[in-house]
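Trainee: Could you take me through a close look at one single part of this protein? I'd like one connected story, please.

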Amino acid sequence: MTYLSRTARALSRSSIRVNNMTLRSMTTIGENLKAKERFEETRFMKKQDAMNLDKMKQMKELKIEEEEHMRGEALHREVVEPVMKDAAKILEETGDSVSDAALENLSKWKLDL
């Protein structure tokens, strides 16, 4: 009977060890999956942030280009066009004529643009 009780105790201890190992491995699998999930989420968020940053940079560059273009047009309207009109009047008085592109080039040359 003593032998049987020792065997029973040994079996119960081994089953507890197996259960503990199974539980530990299950918790480590769960922890590993959670860690992988967090890593994937972080990687995805970083990728999204990088894409959004690129879009913002592109939008900023477009806005700067548009502002420069508008400044160029304003300069043309305010400075070059009056000089073109004056040159056209002078050419009319002498009976000469040139194309609009030539008038613009003459005006820019006179203004040192």
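Mentor: Leaving aside neighbours within four places in sequence, Ser 107 is in contact with Val 80, Val 83 and Met 84, where contact means heavy atoms within 4.5 Å. Keep in mind that this is a predicted model, where local features need pLDDT of at least 70, side-chain atom pairs count only at pLDDT 80 or more, and totals for chains, interfaces and linings use all residues. Residues are numbered from 1 along each chain as its sequence is written, and side-chain values use heavy atoms, with hydrogens and water left out.

Ser 107 sits in helix α2, residues 100–111 (helices are DSSP runs of H or I with at least four residues, numbered from the N terminus). Ser 107 counts as buried because its relative accessible area is 1%; buried means under 20%, exposed over 50% and partly exposed in between, using a 1.4 Å probe and protein chains only. Buried residues make up 7% of the protein's 113 residues.

Two of those contacts, Val 80 and Met 84, turn up again in the largest nonpolar core, together with Ala 87, Leu 91 and Leu 103. Such a core is a set of buried Ala, Val, Leu, Ile, Met, Phe, Trp, Tyr and Cys residues joined through side-chain atoms within 4.5 Å. Helix α1, residues 2–94, gives the most to this core, with 4 residues. Not counting residues up to four places away in sequence, Leu 91 touches Asp 96, Val 98 and Leu 103.

Now back to helix α2, where you'll also find Trp 109. Trp 109 counts as exposed because its relative accessible area is 66%.

Key:
Helices (H or I, at least four residues) and strands (E, at least two) are DSSP runs, numbered from the N terminus.
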